[in-house]
Amino acid sequence: MAGVVATYAYNTASSQLLLGISNLSQLNDSQKTATASGVKSTTYAGLGSSRSQAISLQPAITQIGAWTGNITTAQNTLSTTQTAVQQISSIANDLNDTLATLQSNVSADGVATAVSAAKNALNSLGSLLNTKQGSTYVFSGQDLQTAPVSDNGNLVNSTLASNIQSIVASTGSTSAQDVLASTLQASADTTAGDPFSASLSTDPETASGQSVKAIVSQGAPVAIGVVATQGGAATDVSTGSPIRDLMRNLMVVASLGSVSAGSDSFNAIVKGLQQTNTSVVTGLSDMAGQMGVTQNSLTVQSSALGQMNSMLTDQLGKAKDVDLAQLSVQMTDTQNQLEASYSIISKMKGMTLASYL
């Protein structure tokens, strides 16, 4: 009878101790995992009272990361576009110098040099307008995968260049003012013969609305870069698009070999081009300036997002990260309890009924 009582007492106490040991072992394993990972728990449920704070902070940090990534992409696009616009501006400035030379010192050789330079500039302009950042065209607006200038940027042999050459060749039978007006009208025509892609063959104001937008905050999306045919309202001396105007001016100069050098018509055409091209230089400068403003704004936004990310990450860390010093003390306490429990079980095996009385 004494043996039965002793066995019953041992089994009952042992079961309770084993349950306690199981709980302590799980706690010890959890503490070891926390020490290795540096976080209190790999699940929100294990964070206890910090759970709700962690749940609210994580989406905000993820959103900031997405905005920061968009800014990086936008800045890369703007940087590439800015470089291309500066090179296009150099073409416009060089054309100003060429026109000034044609106005002051006209000769057959001078005209031939100007014609050759204009054709080379058209080749460069076509290539620049088809500039890519990664796999997308920076001047194509929202139609990112389509080259802005058709036929691999070949402006020299385009239908528009051929039409303008025919118009300039009519000088003499047609007044210089009519030649200028007709070439301007041909350049503004967005139907047949337009060297630009279908999506960009539109009026300058509509093209301006096709710029790529980047979401970099909770506010309105930010317009990024330049659309090749963008601009304002057309006038008597401009298509409204600085890049279209530059293209037209180069095509006219490339066709001047058919006009008698130094004639009144020749001089009138050159003078008209000078007036238009001055506006081109100003328009391109405005484009570069606006992109610079956007770049600066994005830099400020990126800095603000970086500070916000650091602050939220710090708060999330306080909610999720463990205090290693405190955890070390807790682990020691847990291990001591485990050792004591195992020791008690070991001693209970040799106890008799008298040990319980």
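**Helix packing and a charge over a ring**

Q: Which residue lies over the face of Tyr137?
A: In this predicted model, Lys132 sits over the face of Tyr137, at 5.0 Å from the ring centre.

Q: And how many aromatic pairs are there?
A: The count of aromatic pairs is zero.

Q: Changing topic to the helices: at what angle do H5 and H6 pack?
A: Helix H5, residues 159–169, and helix H6, residues 176–188, pack at about 170°, and their axes are 9 Å apart. Angles over 145 degrees count as roughly antiparallel, so H5 and H6 are roughly antiparallel to each other.

Q: Which residues make that contact?
A: H5 contributes Leu160, Ile164, Ile167 and Val168, while H6 contributes Val179, Ser182, Thr183, Ala186 and Ser187.

Q: How do they divide by class?
A: The contact of H5 with H6 has six nonpolar residues, three polar ones and no charged ones.

Q: What about H6 and H8, how do their axes cross?
A: The axes of H6 and helix H8, residues 242–254, come within 10 Å and cross at roughly 130°. H6 is therefore oblique to H8.

Q: Is that crossing left-handed or right-handed?
A: H6 passes H8 in a right-handed crossing. H5 likewise passes H6 in a right-handed crossing.

Q: Which residues are in the contact of H6 with H8?
A: On H6 they are Leu180, Thr183, Leu184 and Ser187, and on H8 they are Arg244, Asp245, Arg248 and Val252. By class, this contact of H6 with H8 has three nonpolar, two polar and three charged residues.

How values were computed
Residues numbered from 1 in each chain as written. Predicted model: local features only at pLDDT ≥ 70, side-chain atom pairs only at ≥ 80, totals over all residues. Heavy atoms only, no water. Axes fitted to C-alpha atoms, helices over the stretch in contact; angles between N-to-C directions. Helix = DSSP H or I, 4+ residues; strand = E, 2+ residues; numbered from the N terminus. Parallel < 35°, antiparallel > 145°, perpendicular 65-115°, else oblique. Left-handed = near helix turned anticlockwise from the far one by under 90°. Contact = heavy atoms within 4.5 Å. Nonpolar A, V, L, I, M, F, W, Y, C, P; charged D, E, K, R; others polar. Phe/Tyr/Trp six-rings, centres within 6.5 Å; stacked < 30°, edge-to-face > 60°. Lys NZ or Arg CZ within 6 Å of the ring centre and 35° of its normal.
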